[in-house]
Every structure is written in structure tokens, then in C-alpha cells.
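I opened this notebook to keep track of what I look up in the structure shown below, one topic at a time.

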Amino acid sequence: MGGAMHQGADGLNEYRVGSGFDSHRLVAGRPLLLGGVPIEHDRGLLGHSDGDCVIHAVCDALLGAASAGDMGVHFPSSDERWKDMKSLVFLDEVRRIVSTRGYAIENVDVTAIAQAPRLAPHLSAMRESLSKALAIEAERVSVKAKSADGLGAIGREEGVAAMATALLRRTRRERL
Ligand code: MG
């Protein structure tokens, strides 16, 4: 098994997959941001930061693929530094963490789950926003949306959730 797609003895071209999940409550008096994109709605997501669960799920997928902990480790809510922080700042930091560890981002796939608002009109803007923050081509980012079909808390419009998968490839031997 010596093909370029296989992990070499030096660890290069090792592929690593990670998954992420997050959910936040919808409340009055907050702006709604998903994937870093402001979305018109009567409520927004509650959180220590801006509550952008799409970005948080992507961050955890990337950190998980690198075995680099999760958002709670890097951006603890006990730290006032991260209060009301734009989640795009977290994503930029996570991009830096995985890059420093010698990984390139092959692709990211994320599904947002919301009963309301309807997210379909915002998917391409979210894709652009995420790919820009991750410094990868939009073609490497997929953003999908599902309604909850009226089921459970999300179906009652009490919150929004997101799940993400990320694939990393080791491009540098050294772990800095
Ligand atoms: Mg979160």
C-alpha cells in the first residue's frame, strides 16, 4: 500500500475526520447569526458569544479531527474575553490551531436544523462566509438546512441546532 493517498511513514497525508454538534436557544432581543451571516428574524440565539451554532459545530468538527479538544477547552465561557465575541473570531482561531498542528482542511459539511426561519435563502451566503473564514475554496464547504418537521424543541421553534463533519489532511510533518 504505497499510494500517495495512503499515510506515509512520515505521517504525511494522514486523513483525520471530526464531528461537531451544537444547539442554542432562540430568545427575543438578540440578533440571529448563522455561519457568520446575519439573518432577519424576530429572535436570535442565546449564548455567551453570539450563539452561532453553525460556526460552533464547525469549530468542534475541526478541533475533533485534530484531536485538539473542543470549543469549551479553547474558549471557556468562564473567560470574559469571549463574552459576546463574534463566532467568526473563534473560527479564525480554530483555523489557526489546525494549521499550526500541520493540517490542511480538505472539506467541511454542515447541516443547520431550524423550524424557523427558513434557511434555504441563506445557504450560499453561509457557505461563502465559512469558506472565507477558513481560507479555503467555497467548493470545499457544504451548508445544508433541515426543518425539524415540527418535532421536539426545535420543531417548536425554541432553538436552532447544527451538526458538522470536517476532514483534515496532514501536510506538514512537524507538530508545531
Ligand atoms: Mg455553542
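**Ground rules.** I am working with a predicted model, in which local features need pLDDT of at least 70 and side-chain atom pairs count only at pLDDT 80 or more, while totals for chains, interfaces and linings use all residues. Residues are numbered from 1 along each chain as its sequence is written, and side-chain values use heavy atoms, with hydrogens and water left out.

**Entry 1, the magnesium ion.** I looked up the protein donors of the magnesium ion and found D22 (OD), H24 (NE2) and H56 (ND1), at 2.1 to 2.3 Å from the ion. Donors here are N, O and S atoms within 2.8 Å of the metal (3.2 Å for Na, K and Ca), and since water is not among the atoms, sites may look incomplete. Along the chain, the donors follow the spacing D-x1-H-x31-H. H24 belongs to strand β1 (residues 15–28) and H56 to helix α1 (residues 53–65), so this pair ties together parts that are 32 residues apart in sequence. I take helices (H or I, at least four residues) and strands (E, at least two) as DSSP runs, numbered from the N terminus. Are the two histidines, H24 and H56, buried or exposed? H24 is buried at a relative accessible area of 17%, and H56 is buried as well, at 6%; buried means under 20% relative accessible area, exposed over 50%, and partly exposed in between (1.4 Å probe, protein chains only).

I checked the length of α1: its 13 residues, at 1.5 Å a residue, should span 18 Å, and its end C-alpha atoms are 18 Å apart, which agrees. The expected span is 1.5 Å times one less than the number of residues in the helix. Twelve of the 13 residues of α1 are buried, so I noted the helix as mostly covered. After α1 comes S67, with a positive phi near 50°.

D60 sits in helix α1. Which side chain of opposite charge is nearest to the buried D60? R101 is, at 13 Å, and D60 has no salt bridge; for charge, Lys and Arg count as positive and Asp and Glu as negative, with His and the chain ends not counted. The side chain of D60 does reach the backbone nitrogen of M71 at 2.8 Å. Leaving out residues up to four places away in sequence, D60 touches S19, G20, F21, D70 and M71, where contact means heavy atoms within 4.5 Å.

I searched the whole structure and recorded 14 salt bridges, each being a side-chain nitrogen of Lys or Arg within 4 Å of a carboxyl oxygen of Asp or Glu. One of them joins R43 and E157 at 3.8 Å, N to O. This pair links distant parts of the chain, with R43 in strand β4 (residues 43–45) and E157 in the loop between α5 (152–155) and β7 (159–170), 114 residues apart. E157 is partly exposed at 31% relative accessibility.

R169 and E106 also form a salt bridge, at 2.7 Å, N to O. R169 lies in strand β7 and E106 in strand β5 (residues 103–113), so the pair ties together parts that are 63 residues apart in sequence. R169 is partly exposed at 23%, whereas E106 is buried at 19%.

A further salt bridge joins R140 and E137 at 2.9 Å, N to O. R140 is partly exposed at 25% relative accessibility, and E137 is partly exposed at 46%. Salt bridges that share partners join E106, E137, R140 and R169 into one network.

Technical notes: A polar contact is a pair of N or O atoms within 3.5 Å; within protein, one must be able to donate a hydrogen and the other to accept it, and residues adjacent in sequence count only if both atoms are side-chain atoms.
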